[in-house]
Amino acid sequence: MEEIYSEFYLAKCQKRLKGWRAPLDGWYCKKIIDVREDDEETPLATCELCDCSKVRFIHVMDHMLYFEEIRVGCICAGIMQGDILAAKERERLMKNRAKRRKNFVAGEWKETASMGALRTYTRMHRGQRIWISVYPGNRHYVRCNEKSISRYKGRPIRDFYSAVYVAFDLADPVEDLL
């Protein structure tokens, strides 16, 4: 059954790639995106190759001989890459990261310092100490791996809840999975 499934997807993916005059092999995964990372209610994505509309983890595929990246699901990514097992492993790692993130957000922080208006909280994640410092004026700083930031994705960190998500992304980056 696995071979038939793979042959069906292989034919469908290659037909679409040929129609686009895109290379049939030699693709690599540039990044992987969890469409529900910021909001569990976000609609699932659609694979650009097979049109499957139930894609949570988008594999962004790139090729040096093609002019744009293609956003696909796991099986299509494996076909484009020529290694379905590698794509499935990437997806498995992302699913595990999503579970870690959910547990991390629900976890407790220990207040380690309170000097006047300054409050500092800490906790461990995967062997790393993480700090969140709250300064007067509701300014939040997150420190992990000798990196301290007060802005994330171009915007200031304005509340503790947002700082927790930033802390997770610093301590457990998606880039480590590729």
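Residues are numbered from 1 along each chain as its sequence is written. In this predicted model, local features need pLDDT of at least 70 and side-chain atom pairs count only at pLDDT 80 or more, while totals for chains, interfaces and linings use all residues; side-chain values use heavy atoms, with hydrogens and water left out.

**Exercise 1. Confidence**

Task: Find which elements have the lowest and the highest mean pLDDT.

Solution: 
- pLDDT is the predictor's confidence in each residue, from 0 to 100.
- The chain mean is 90, and 96% of the residues reach 70 or more.
- H1 has the lowest mean among the elements, 78. S2 has the highest, 98.
- Helices (H or I, at least four residues) and strands (E, at least two) are DSSP runs, numbered from the N terminus.

**Exercise 2. The sheet**

Task: Give the strand order and the sense of pairing.

Solution: 
- Two strands pair if DSSP finds at least two bridges between them.
- The order is S1-S2-S3, an open sheet of three strands with antiparallel pairing.
- S1 (28–34) and S3 are the edge strands, and each pairs on one side only.
- S2 and S3 share three bridges. Methionine 61 has isoleucine 70, in S3, as its bridge partner.

**Exercise 3. The largest core**

Solution: 
- A nonpolar core is a set of buried Ala, Val, Leu, Ile, Met, Phe, Trp, Tyr and Cys residues joined through side-chain atoms within 4.5 Å.
- Buried means under 20% relative accessible area, exposed over 50%, partly exposed in between (1.4 Å probe, protein chains only).
- The largest core has 25 residues; Trp27, Leu49, Val72, Cys76 and Met80 have the most contacts inside it.
- Helix H1 (2–19), strand S2 (57–62), strand S3 (70–72) and helix H2 (74–81) each give two or more residues.
- A second, separate core has 17 residues, including Val134, Val142, Cys144 and Ala171.

**Exercise 4. Cover on H2**

Task: State how many residues of H2 are buried, and list them.

Solution: 
- Seven of the eight residues are buried.
- They are Cys74, Ile75, Cys76, Ala77, Gly78, Ile79 and Met80.
- Just after H2, glycine 82 takes a positive phi of about 80°.

**Exercise 5. Aspartate 62**

Task: Decide whether aspartate 62 is buried or exposed.

Solution: 
- Aspartate 62 lies in strand S2.
- Its relative accessible area is 15%, so aspartate 62 is buried.
- Contact means heavy atoms within 4.5 Å. Leaving aside neighbours within four places in sequence, aspartate 62 contacts Gly26, Trp27, Tyr28, Lys30, Glu68 and Glu69.
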